[in-house]
Amino acid sequence: MEKNIRRRSFLKKMGALTLMSATAGSQLANGSAFAKKEIGLQLYSLREDIKGNVAGVLEQVAAIGFKNLEAANYADGKIYGMSPVAIKKLVADLGMTMQSAHVGGPRDFQGANHTAAMDWWKEAAEAHAAVGADFLIKPSMPKPDTLKELELWCNYYNQVGAIAKAKGLVFGFHNHAREFEKIEGQVMYDFMLENTDPDLFCMELDVYWATKGGYDPVDYLKKYKGRFPLLHIKDEEEIGQSGEMDFKPIFKAAYAQGMKGYYVEVERYNHEPIKSVAMSYDYLAAAKYVK
């Protein structure tokens, strides 16, 4: 009942803003002051829609007003099934940049598998350098059982970071809630920050999942300044829907520590995905604390 009340309140509030449909696109796209904001989108938000319709979905995303994209589909040197050069041109022609990308990468990277794992990352780094990206982000990892095992992952990340750096990219990691659990009495996320090389490895802080993990993202932004060039701006459903996320202090702290980009990510929806994404854009575009 409480969630339904929050949802109705959110939708009433959003009625004062421009609401988009999947076919009409955004009225903010041309000439609007909103469109000047460098709001990014993690394309996982449209994961089902984009299948088989990459160009069409990207046109809708550009019409909404997004400027920076974070990809979420890479395999065998291709991004969304396209060569890096081809998708770079498609994105650029729509007035956007593919600034970042989520790539999974091998999980078995030790012993005899080490060389193959490094070769995989070399190919991925080369592809995303060709698309014009600045960041290469690993979206998840299993929770290790021991700190010794976690330290192996940290060493692995430093090695991948060196590969990415050689191609002009910054390598990093995107958190969920489980990284804020403890291993042998230490918070996993803290251990990762303290046992990776800042010159080779960054964090893309997902503020919603940090909050769900029981920690204030602002505290991390202040404590580990400079380690968070990217943020995921996320809520229970559309941005601002839950009424539980206070984005103003998060943006203030993020800008102060050197944020280079941030991406809307919508995982659950009240509407068709493209409309939920558009509503999330509008919410941030109307916020004075967002640049």
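Predicted model: local features only at pLDDT ≥ 70, side-chain atom pairs only at ≥ 80, totals over all residues.
**Pockets**

Residues are numbered from 1 along each chain as its sequence is written, and side-chain values use heavy atoms, with hydrogens and water left out.

I noted the terms. On a 1 Å grid over the protein atoms alone, a pocket is an open set of points with protein on both sides within 12 Å along at least five of seven lines, a cavity is a set where a 1.4 Å probe fits but cannot get out, and lining residues have an atom within 4 Å of a point. Points are joined across faces, edges and corners, and a volume is the space filled by probe spheres set on them.

The largest pocket has 15 lining residues, and Gln42, Tyr44, Arg47, Ala72 and Asn73 lie nearest its centre. I sorted its lining by class: six nonpolar, five polar and four charged residues. Nonpolar covers Ala, Val, Leu, Ile, Met, Phe, Trp, Tyr, Cys and Pro; charged covers Asp, Glu, Lys and Arg; the others, Gly among them, are polar.

Next I took the second largest pocket, with about 160 Å³ of space. It is lined by 16 residues, and Val170, Pro198, Asp199, Phe201 and Cys202 are the closest to its centre. Helix H5 (147-166) and strand E7 (170-174) are the elements that each give two or more residues to this lining. Helices (H or I, at least four residues) and strands (E, at least two) are DSSP runs, numbered from the N terminus. The classes here are nine nonpolar, three polar and four charged residues.

**Cavity**

I found one cavity of 30 Å³ or more. The largest cavity has a volume of about 30 Å³. Its lining is Tyr208, Trp209, Lys234, Asp235, Glu236, Glu267 and Arg268. By class I get two nonpolar, no polar and five charged residues.

**Barrel**

I traced a closed barrel of eight strands, E1-E2-E5-E6-E7-E10-E11-E12, with parallel pairing. Its neighbouring strands are turned by 30 degrees against each other on average, direction ignored. Axes are lines fitted to C-alpha atoms, and angles run from 0 to 180 degrees between N-to-C directions. Two strands pair if DSSP finds at least two bridges between them.

I followed the pairs along the barrel. Strand E2 (residues 68-71) joins E5 by four bridges, running parallel. Glu70 stands opposite Ser100 in E5, and Ala71 stands opposite Ala101.

Strand E5 (residues 97-102) joins E6 by three bridges, also parallel. Ser100 has Phe135 as its bridge partner in E6. The chain gets from E5 to E6 through helix H4 (residues 114-130), a right-handed β-α-β crossover. Right-handed means that, with the strands pointing away from the viewer, the path from the first strand over the helix to the second runs clockwise.

E6 and E7 run parallel with four bridges. Leu136 stands opposite Phe171 in E7. This crossover passes through H5 and is right-handed.

**Burial**

Which side chains of E6 are buried on each face? Phe135 and Ile137 are buried on one side, Leu136 and Lys138 on the other. Buried means under 20% relative accessible area, exposed over 50%, partly exposed in between (1.4 Å probe, protein chains only). In E5, five of the six residues are buried, so E5 is largely enclosed by the rest of the structure.
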